[in-house]
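The exercises below are to be worked with the sequence and the coordinates at hand. Each one sets a task and is followed by a solution in steps.

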Amino acid sequence: MNWTLNIRLRVLTLLSCGLLAASVWGTAAPAQAAAAPACGSGDHGLLQQLQAKHSAAEETPLSFTDIQFLSGDTGRAAGSGFMIGTSDGGCHFQKIYEGQWNFRQISFPDNVHGWALASVKEGTDAYLIATADGGSTWKRISETAVGFERIAFTDSKHGFGYVRAFTYYTEDGGLSWSQIKTPANTRGAEFSSRSNGWAVVVAPGEGYRIMKTTDGGASWKLSLKSAFAYPEYGRVYAKGDQVYAFLYGGTGMSQTSYSLYASSNQGGKWNRVIAEDTAGGGPAPGSGTALLKKGPASGKPGNMQLVGNSTAFLVGYSPAGEKVAVGRTFTGGRQWANLPPIAGFDGIISFPDSKDGWMAVRGQNSSSLYATKDGGATWKVKFTFKGTEQ
């Protein structure tokens, strides 16, 4: 009995020191000292050879093409030939993958299963690849290149693939796909489930139409009209009761005009949140009063992140002004605030909840990961690739 008790006590001691901890990437972690080192900074000593090779060839630092965080502590960031991750809020980062794949977009519904659109180095065609060990190893799912512009997997089997005019669905982890019927002249769609979806439809010479389906594309109903002389394309984000529709105007002089519409009741009622006219892009689509005439950073819109039924974040960036900022709402778009900017040319955000968020920012001669604990009001740098000039 004493021997058994001693063994149990030793196991508990090892667990408390982290010696028997499992890696978040799906494999056993090596033993660590009980006293963990202080939080790292800079590039955390990762990917030294890849950094040097890239800087010599491109004369720019490595950069991040996509990020995804499952919580404030745990997430991944990927780029050309690499993927890194953290499980302690950016105190430490680990190399998850280094190899032939240049990641364009990643989709991890959990911490083990993931998919990506990626090209082989020096190539331009995108392939669908998948991992079952958190991103350490990848298997090509598509034998030939795919035309998907983006993907979104909801679990280990089900997911959506999008091109501007069409939407596809898989039930076997991407091995096979079926097309979902969308309206004619669709120029951007989004499905929050197999049954519920949205489509941005262009009516030449008239403007944009936001259409809604609740039966998997069998039928579509008009939800919103927005007048515009030269409609081209849009983007919808939907989660829970929230729906946001980006309707794009023209682009010129590194400027893009756009309108952002929001609904907090699944399209029952819409309000115009942002209507940004630009000198280079012309007027924003639509008419009527908008909450704001400028989006975050008074620049181009980036990606959105929706949290729950009332919170949403939008990143915006101004290449000419060299600033990146986040806009947010906690009221389903009924109120909106553009937050203070930081220096940079463009950005990508990932917000797992209403307070914790991450942003990848490309600067003049650096590419950095920032974290926020106050919903984007302030940011702290956690990881940085620097160019040879710094």
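**Exercise 1.** Which residue stands opposite W358 in β25?

*Solution.* The model is a predicted one, in which local features need pLDDT of at least 70 and side-chain atom pairs count only at pLDDT 80 or more, while totals for chains, interfaces and linings use all residues. Residues are numbered from 1 along each chain as its sequence is written, and side-chain values use heavy atoms, with hydrogens and water left out.

Begin with the strands, which, like the helices, are DSSP runs numbered from the N terminus (H or I, at least four residues, for a helix; E, at least two, for a strand). Strand β24 (residues 346-350) runs antiparallel to β25 over five bridges, where pairing requires that DSSP find at least two bridges between two strands. Within this pair, it is S350 that faces W358, and the hairpin formed by β24 and β25 has six residues between the strands.

Next, turn to the other partner: β25 and β26 are joined in the antiparallel sense over six bridges, with M359 opposite Y370 in β26, and three residues lie between these two strands in their hairpin. Finally, five of the six residues of β25 are buried, so the strand is largely enclosed by the rest of the structure; buried here means under 20% relative accessible area, exposed over 50%, and partly exposed in between (1.4 Å probe, protein chains only).

**Exercise 2.** Determine how the buried residues of helix α2 (residues 48-58) are arranged, and what covers them.

*Solution.* First list the buried residues of α2, which are L50, Q51 and S55. Seen down the helix axis, they fall within an arc of 125 degrees, so they line one face of α2; the arc is taken over the directions from the axis to the C-beta atoms. The face turned away from this buried side carries the exposed residues Q49, K53, A56 and A57. The cover over the buried residues includes β2, β3 (94-107) and β27. Just after the helix, E59 takes a positive phi of about 60 degrees.

**Exercise 3.** Is R150 buried or exposed, and which polar contacts does its side chain make?

*Solution.* R150, found in strand β7 (residues 150-153), counts as buried because its relative accessibility is 16%. Its side chain reaches the backbone oxygen of A189 at 2.5 Å and makes a polar contact with the side chain of E190 at 2.9 Å. A polar contact is a pair of N or O atoms within 3.5 Å; within protein, one must be able to donate a hydrogen and the other to accept it, and residues adjacent in sequence count only if both atoms are side-chain atoms.

Note on methods: Contact = heavy atoms within 4.5 Å.
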